[in-house]
Amino acid sequence: SIYEMFGNECSLSTGEVIKVIGFKINKLIASICENNEVSQFSTKVELPLNFPGLYKVVADKTPYVSIEEITRKVSIGPTRFGHPCFYSSEDIKLANLTIKHGEQITFNSVEDVNGTMAVNCGVVRNNQSHSFTLPLSQEGKFYECEDDQIYTLKEIAEWKIPKCRNRIVKLSNTLHTWDSSNPLPENFDGCLILTPVYEVQAVMKFRKDIVHILSDLDVEVKDITDSYDISSFLQPLSLENVFERTSKEFPMVAEIMEGPSGSQKPCNSLYTGKEIIFYKKYQATRVLASEIRSDSPKRHFLIPMSYKGKFKRRPREFPTAYDLEIARSEKEQLHVVATKAFDSPHKELFSVSVGDQFLVQQCQTSEVLYEGRKKLIDVLACEQILSKTYKKVLLPMYMEGGFVEVIHDKKQYQLSEICKEFRLPFNVKVSVRDLSVEEDVLAAVPGLQFEEEITDSYLLISSASSPVESWEIPVYRLNMSVHLLNKAVQTVVPPVTKTTVEEISEEQYYMVRRYENQTLHPPPRPPKKPT
């Protein structure tokens, strides 16, 4: 049988032995959905996995009849996507715990417990997590819980479409302006029914790459697993697979079976057939930064602490008095200019004119007269800068105005100094570019906002043939397959690490912020006007 793979014709000869290593969704067929059914006016459109936008998953209303069915059809794994949540329609009585009907159960992993396959689960009660196991033989009616997270289509395809089922999703954010090439209607913000089209991933005996075969290829095959030595085939590993290996197994030599595509490449050495060394795995800190500009799209970057350039401060903008309170620090006094007028409804508080300058002092409470009654409200104590003197004034914390920072600090800062001395978000521009790299992408950006520090998973690699420098590659943002080689590592100590500023897409930016903010409490809301 002859078929086309990435634009090239490939052939499968009679008698050829293929080792199937996985099934993967190749593309999605989408239909516009109304009331959880395909709209009678809807035409089916084909969506590639990199189709832009962020989507919410609509909970499947069809129950699973056993824990075994869930493990067979739903992805459960060690990554942050692999912890699906279900609830039972009836109470489940365990030895030391009763799971109530309707209570959210998080499925964490599948493992062998004393010779019986079971799922490691958890429930949260009064902010306390309780762990337990459910055997695969446990029967009942298990329903998907509502999921308030947002996902890219690629993430949904990899983790959120159960086998043998479709998936309904709701468009949450288009991220891109509509144009005529978009297969969805203009201004579409409804639901889609996604039907997956699968491909078979396989390795062949005399090929070093992974073969992708569409599931509708007309070819007959026979299962010979029990009568064939499958150890003679290569074992492809993703970067996630490599990262899951124990630290004692590093360093290791590998050959790239499928390199990253297009702009994904952190260096030019990651191509199919290239031999590389994995030195170690670790968590590393990055500063998430966005270009300062009023129009979109903005560029987004992940900057390593090893960045050797220097920054000068740029003025920050504050939409409310509450934001001034959040931004003020003990290290220096915050000096701002009003860019928007505000008329105070209380004579005890100050009315602001455009151009007024203030030194921000502290938050306190103040008594105001409201509808004939005295009331305590939160205020921001400031000093108004006049021509030759200062005047103490109080601004209501709920005040919606506009302020821009006045910068007196002319010092140049290293990235680590900014993170240590100032509270993020923080506005800067590159004053001295990083001379250790050929092209510093940050130097051409007129202004950057450092938004937050994040921690992510990385692998340290170098070329096996000429290990003169090493690179940090992100585990969860780089699609790459390797197979391990039985070769000794000549240089156990990694060479000098090259600084790489990673530019990320709009979708990746939202994903990074989403994961980081899952562990954070939302900031308190600004006070409202007294009522």
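This is a predicted model: local features need pLDDT of at least 70, side-chain atom pairs count only at pLDDT 80 or more; totals for chains, interfaces and linings use all residues.
Residues are numbered from 1 along each chain as its sequence is written, and side-chain values use heavy atoms, with hydrogens and water left out.

**Nonpolar cores**

- A nonpolar core is a set of buried Ala, Val, Leu, Ile, Met, Phe, Trp, Tyr and Cys residues joined through side-chain atoms within 4.5 Å; buried means under 20% relative accessible area, exposed over 50% and partly exposed in between (1.4 Å probe, protein chains only).
- The largest one has 27 residues, and Leu324, Val336, Val352, Phe358 and Phe403 touch the most other members.
- Among the elements giving it two or more residues are helix 4 (321-327) and strand 24 (335-338); helices (H or I, at least four residues) and strands (E, at least two) are DSSP runs, numbered from the N terminus.

**Glu472**

- Glu472 sits in strand 31 (residues 470-474) and counts as buried because its relative accessibility is 18%.
- Its side chain makes a polar contact with the side chain of Arg286 (2.4 Å), and another of 2.7 Å joins the side chains of Glu472 and Tyr282.
- A polar contact is a pair of N or O atoms within 3.5 Å; within protein, one must be able to donate a hydrogen and the other to accept it, and residues adjacent in sequence count only if both atoms are side-chain atoms.
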